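Okay, thanks everyone, I'll keep this short. Have a look at the structure on the screen, and then I'll walk you through a few parts of it.

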Amino acid sequence: MAVLVRPACGPDLPYFYEICLKTGDAGKDASGLFYDPFLLGQYYSAPYFFYDQRLCFVAEAGGIPQGYILAAQETRAFNLWMEQVWLPPLRRRYPEPYPGERIQSPAEGQAVSLLHRSLLPADPPPRWWSSYPAHLHIDLLPAIQGQGVGKALMHSLFTALERRGCPGVHLGVGKANTGAIAFYGKRGFSVLQEQEQVLILGKTLPK
Ligand SMILES: CC(C)(COP(=O)(O)OP(=O)(O)OC[C@H]1O[C@@H](n2cnc3c(N)ncnc32)[C@H](O)[C@@H]1OP(=O)(O)O)[C@@H](O)C(=O)NCCC(=O)NCCS
């Protein structure tokens with residue numbers, strides 16, 4: 001099936017939520033883990049489109065978006081926007097304590113807690129932050145994986161970031177997601193920081 005990589009547009013938004021859910025369990029389908037199929041996308045995909053749609057690209061196959069790459073150029077400014085604009089209505093919509101009958105799995109409980117965690121920590125940021133100010137998320141449905149589409153999406157995003165003079169990009173990946181870690185390694189990412197279950201990887205962009 002031919003795959004087209006292109007800038008994202010408004011009608012892609014429902015697919016952002018779907019793709020996020022269907023790749024939300026360490027790269028595998030998380031549909032069975034969530035009572036609310038939109039919860040993951042509320043945090044990990046939709047806000048990027050509203051924040052800066054020019055850093056969102058989709059991979060379309062058979063007329064349907066089946067993958068995306070989403071980024072924010074200045075993570076600190078993005079986090080501030082999340083705190084001021086995006087998260088307040090979500091925190092009201094998904095209150096804590098969250099009704100037990102709406103928590104289908106520990107993953108769903110953790111996702112609700114994430115919405116309430118401040119993105120403006122009191123501690124100073126780690127030293128690597130200024131060299132890798134952008135961050136990204138990339139997810140492809142299984143039908144278009146392993147065909148060079150991830151590579152093509154990365155190329156589109158990196159070109160856009162380089163044009164803006166962005167020095168580097170980082171991302172978080174679950175340690176269990178060994179396929180994605182291998183993919184990022186091939187794309188020139190290296191480990192910036194190791195957390196309990198997550199690796200923070202970074203890549204310098206050419207000037
Ligand atoms: C991880 C992901 C983005 C990779 O995209 P992709 O289109 O499948 O990867 P590509 O076909 O572009 O592969 C690019 C390179 O990475 C390597 N690679 C990709 N997936 C790999 C895997 N599972 N194991 C080992 N290497 C892998 C390829 O061999 C290729 O190497 P090359 O440059 O030498 O040819 C995609 O598989 C995906 O979305 N997975 C599910 C969601 C996910 O885990 N997202 C990341 C969350 S942090």
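Predicted model: local features only at pLDDT ≥ 70, side-chain atom pairs only at ≥ 80, totals over all residues.

Let's begin at one end of the sheet: E6 and strand E7, residues 198-204, pair in the antiparallel sense over four bridges.

Now zoom out. Seven strands make up an open sheet, and the order runs E1-E2-E3-E4-E5-E7-E6, with mixed pairing. At the edges sit strand E1 (3-7) and strand E6 (190-194), each of which pairs on one side only. From one strand to the next, the twist averages 25°.

Next, helix H5, residues 106-116. Which residues of H5 are buried? Those are Glu108, Ala111 and Val112. Looking down the axis of H5, the buried residues fall within an arc of 100°, so they line one face of the helix. As for the cover over the buried residues of H5, it includes helix H2 (39-44).

Last stop, the ligand. There are 19 residues around the ligand, and the ones that come nearest are Gly27, Leu140, Gly150, Gly179 and Ala182. Where does the shell come from? Strand E4 (134-140), helix H6 (149-163) and helix H7 (178-186) each supply at least two residues, and H7 gives the largest share, five residues. By class, the shell has seven nonpolar, nine polar and three charged residues.

That's my tour, so over to you.

Key
Residues numbered from 1 in each chain as written. Near = placed C-beta within 6 Å. Nonpolar A, V, L, I, M, F, W, Y, C, P; charged D, E, K, R; others polar. Pairing = 2+ DSSP bridges. Axes fitted to C-alpha atoms, helices over the stretch in contact; angles between N-to-C directions. Buried ≥ 20, exposed ≤ 12 C-beta atoms within 10 Å, placed from the backbone. Arc of directions from axis to C-beta. Contact = placed C-beta atoms within 7 Å.
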